[in-house]
Amino acid sequence: MLRYIGFEEARLLAISSFAYGGLLFLLSSGFSLIFGLMRIPNLMHGSFFMLGAYFGVSMLEKGLTTDALKAIPKIGGAFNFLPSFTILPPNFFLIAIISGLLVAGIGALVERYLLRRLNGQELPQVLLTLGLSFVIADLCLMIWTGDPWQPATPAELRGVVQFGTLFFPLYRVAIIGIAVVIAVALWLMVDWTRLGAMIRAGVDDPQIARVCGIKVSQLFTLVFALGAGLAAFGGVVGAPYLSVYPGLDADMLPLALIVVILGGTGSLLGALVGSFLIGLLYNFGQAMVPDLSYVILFLPMLLVLVLRPQGLFGRSIP
Amino acid sequence: MANSALSLIDVDAFYGDSHVLEKVSLTCGEGCLLGLLGRNGAGKSTCMNVTVGLLPARRGKVTVFGEDVTKLAPEAISARGVALVPQGRRIFKSLTVRENLIVAARKPTNGGKAAWNLDTVFAMFPRLGERRSQMSAHLSGGEQQMLAIGRALMANPRVLLMDEPSEGLAPQIVAEVMATIRHLKASGLSIVLVEQNPKLVFDIADDIVILNSGQVAVTAPAADLRDGTADLRQHLGVF
Ligand SMILES: Nc1ncnc2c1ncn2[C@@H]1O[C@H](COP(=O)(O)OP(=O)(O)OP(=O)(O)O)[C@@H](O)[C@H]1O
Ligand SMILES: [Mg+2]
């Protein structure tokens, strides 16, 4: 049942684990912020990831052209009035950012016009976000069909990098780098800027925060949009690796949940460590004990829930 | 009387079905200090909540320097120059002292020079300055009260509402807080001071309003009440 692996395989598995962990961080940091700060259990977080990935791969084909918009089944006709030109060149990171922004916009609308009405009611929030995730899954199936779609690794990130005597695939190293940079940026924003302090004040005591002139409602929309956008960005960055297919959303959501339960809600450090931990467990588990890989994935979560319910880095919620 | 900095005019307010304020009218003149008295549950904090926009007035009107703010959101009322030191202090516990202050910072409504910033607040409350990087949850009660006052001042308000700032503090700290209020009044700020203890208010207030079961029982210049406190007992409980 246990399969032994050699050094070379372990090394590649390790780098894949961290790259996978980096993707998980892009997914779960937003989930953690939304749940930790706004107490919204956002079950459509996987949908944001998938939607971003679909937006990304569509634009990556030929860049974003008006012809591509017109070719979208059913709704493409709305763009027929446009002349043919290229809106965006097919640059991988540019497109990942644009997809992130698009989905951030969708997230902002969902928060402002739907979730806002269910303020503080967790069960209705669960039902709404779960329902929306089904709607998005069906819409994606309609627009992008059921075929999986795997874009090529961006040209500038093919090849390997050398650390000492060892070689690593550049693309995976880049994912790790992006995740770490975003982790640091988020941490600086939440813990060290006035904006971050205003968000935390709004969480502490929304009424008094408003009386102090803090626009709590706008800040919460911003947090939700940021989380959605990060997930979508992660979806595009991960597409050459995970590919995009119907059901990607449902595959990713439980992983975000495990990461956040493991690391502790609302803790960015927890989300980062949890992501890398799950990345390692997932990759090594599948290689070494393929029969039990899901047990290995979920067991630590169960242990944490029993022994340290606030998570490894979570503050216990008063 | 001077121009009105803050007025409640015939305000009715409800929590759900319970009618908490009934035709309440009061006015704080520009640069004046209005003492708002009343026993537990009289509706003092409710007046504050209506003023800052946390509780809608079902009838009546709230004006700030003549402008009707009755229907405005709390953020908008804050932008009109109203700041609150809430009952129970309600500082942001997961923020540091410094963060509590900077999140509330705002330029003065009339576009003048900002009198209050981190430096001037720390100059006024040196102990806050010493603890600027501490989590505010770890402050003592008196320090938390100073932080709540400092936070309100950071908005450079024109009208300062203070809801029982002496509550739960040692007499010596209460004296410090009262000295601060005197100082603020001398600087020209219009202040509404909510208290249960009339002794604290009578000698610094210009006017007094006493609430009883959600209705205004007495409105009078403080000078008229200083001598004959005896006949106010029925409204205030026994001290
Ligand atoms: N959130 C609320 N929901 C329902 N009723 C409330 C609420 N807050 C206050 N009340 C009721 O409204 C009435 C007035 O309360 P308020 O807090 O204004 O009194 P107060 O004069 O500030 O008293 P205290 O001196 O104890 O602070 C009381 O009868 C109180 O029970
Ligand atoms: Mg009160």
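Colleague: What makes the span of helix H1 of chain A close to the expected one?

Modeller: In this predicted model, H1(A) covers residues 7-38, 32 residues in all, and reaches 44 Å from its first C-alpha to its last, against 46 Å expected at 1.5 Å a residue. The expected span is 1.5 Å times one less than the number of residues. A helix here is a DSSP run of H or I with at least four residues, a strand a run of E with at least two, numbered from the N terminus.

Colleague: Where does H1(A) bend, and by how much?

Modeller: The bend lies at Leu27(A) and is about 30 degrees; that angle is taken between axes fitted to the seven residues ending at a residue and the seven starting there.

Colleague: What makes Glu111(A) and Arg116(A) a salt bridge?

Modeller: The rule requires a side-chain nitrogen of Lys or Arg within 4 Å of a carboxyl oxygen of Asp or Glu. The closest N and O atoms of Glu111(A) and Arg116(A) are 2.7 Å apart, and the pair therefore qualifies.

Colleague: Why is the salt bridge of Glu176(B) and Arg127(B) said to tie parts of the chain together?

Modeller: The closest N and O atoms of this pair are 2.9 Å apart. Glu176(B) lies in helix H7 (residues 171-186) of chain B and Arg127(B) in helix H5 (residues 126-130) of chain B, so the pair joins parts 49 residues apart in sequence.

Colleague: How many salt bridges does the rule find across the interface of chain B and chain A?

Modeller: The rule finds three. Arg200(A) and Glu99(B) form a salt bridge with their closest N and O atoms 2.8 Å apart.

Colleague: How are residues and chains labelled, and which parts of the model are used?

Modeller: Residues are numbered from 1 along each chain as its sequence is written, while chains are lettered from A and ligands numbered from 1 in the order in which they are written. Local features need pLDDT of at least 70, side-chain atom pairs count only at pLDDT 80 or more, and totals for chains, interfaces and linings use all residues, while side-chain values use heavy atoms, without hydrogens and water.
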